[in-house]
Amino acid sequence: MKKILSLATAVMMLIGMISTAAAYDSVEINGMEYRLSTTDNYTDLSKVEQQAKFLYDALEDHPEVRTYVYLINSSRTVNVKDNISAVPVVYEAIEKYFSKSTTDYLHLDSLERYAEYYYTTDHHWNYKGSYAGYCQIIRMLLGPDEPLIEPVEEGTFPVKFNGSINRDLKLQDSKELFTVYRFDYPEMKIIINGIPKASYGNQQVYFDGKYSRLEKINHYAKFYGGDTGIVHIETDREDRGTLVVFSNSFSNPITQLLASHYHDLWVIDFRYYLPGQDKDFDFSEILEKGNVQVLLLGDGVFFSQTNPYHKLRYQ
């Protein structure tokens, strides 16, 4: 498998690194160029360990809560080009703090697996990667006998998807069509930042053909739902308890899938969360109700950025 980096891409990557402090690389897999968003997370673990401690401390006051951790392994946590099948050192650092919790991570055993799970020009997992992660997470949370929500169909929209890396680098040369799975979700009551919504994201809008054809559009955010501080989804499965998820944009494709297994789902993204954003969200009160699971879900950046988790204690 030949590794490539075109001159145009290299120049744009240099510009991107200077202007955004981001780091990018490129690898060829089965004749397709995959642009990689990279960090120093697999060599410098100080920030990861600091964040893991913050997360652990935030939940320390509630030892009765069942806590689970899932790392979304990607080019931000493992050296895709040279050692992709290695256990991410980020995961090992997290596991050290959460040794009494159940933990897992998205396994990448080959370059072909990376190509199956990730977009060519975006740092997020694609529809196959996010579905594989959902299956792992449900097995971790609810055991091997829990029925999974299965895709109804695979849909490909006739529009090129220029992902986050291309947008950062001011490129619109993607050859990848935007492809998703379609699911039949149970009836849901959806509240975003305290405001009732008819849907989460615009999935049906896309399948109805009412989406933008512009190649600069962030179809990941448009389809799955953009980043928000707090999402609350309620189903009629009153015997299934509550799941509270602390995450970032990687949770967007699986939010409704996870919600399908619970009575209450709360997803908190502290990059956008403000205390009181949803008057019904009281972390301590939710935990006191019992039958609550907490899931820490994110990529290497989520587990290395210091976020204000103390907000939970003082809202």
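# Cores and rings in a predicted model

Student: Which residues touch the most other members of the largest nonpolar core?
Tutor: This is a predicted model: local features need pLDDT of at least 70, side-chain atom pairs count only at pLDDT 80 or more, and totals for chains, interfaces and linings use all residues. Residues are numbered from 1 along each chain as its sequence is written, and side-chain values use heavy atoms, with hydrogens and water left out. A nonpolar core joins buried (under 20% relative accessible area, 1.4 Å probe, protein chains only) Ala, Val, Leu, Ile, Met, Phe, Trp, Tyr and Cys residues through side-chain atoms within 4.5 Å. Among the 59 residues of the largest one, those touching the most other members are Phe 178, Leu 258 and Leu 295.

Student: Which helix gives the largest share of this core?
Tutor: Helices here are DSSP runs (H or I, at least four residues), numbered from the N terminus. Nine residues of the core, its largest share, come from residues 127-142, which is helix H6.

Student: Which residues does Leu 258 touch?
Tutor: Contact means heavy atoms within 4.5 Å. Leaving aside residues up to four places away in sequence, the partners of Leu 258 are Tyr 134, Ile 137, Ile 138, Leu 243, Val 245, Leu 265 and Leu 295.

Student: How many residues are in the second, separate core?
Tutor: Leu 59, Ile 268, Phe 283 and Phe 303 are included in this second core. Its count is 28 residues.

Student: How many aromatic pairs are there?
Tutor: Phe, Tyr and Trp (six-membered) rings pair if their centres lie within 6.5 Å; planes under 30 degrees apart are stacked, over 60 edge-to-face and the rest tilted. By this rule, the count of aromatic pairs is 34.

Student: What kind of pair do Tyr 206 and Phe 223 form?
Tutor: Tyr 206 lies in helix H8 and Phe 223 in helix H9, 17 residues apart, and the pair links distant parts of the chain. Both Tyr 206 and Phe 223 are buried. Their rings are 5.3 Å apart centre to centre with 85° between the planes, and the pair is edge-to-face.

Student: Why is the pair of Trp 266 and Phe 281 tilted?
Tutor: Trp 266 is buried at 5% relative accessibility, and Phe 281 is buried at 4%. Their ring centres are 5.1 Å apart, and the pair is tilted because the planes meet at 50°.

Student: Which ring does the charged end of Arg 213 sit over?
Tutor: A charge sits over a ring if NZ of Lys or CZ of Arg is within 6 Å of the ring centre and within 35 degrees of the ring normal. The charged end of Arg 182 sits over Phe 207, 4.5 Å from the ring centre. For Arg 213, at 3.9 Å from the centre, the ring is that of Tyr 211.

Terms used
Helix = DSSP H or I, 4+ residues; strand = E, 2+ residues; numbered from the N terminus. Buried < 20%, exposed > 50% of the residue type's maximum accessible area, 1.4 Å probe, protein only.
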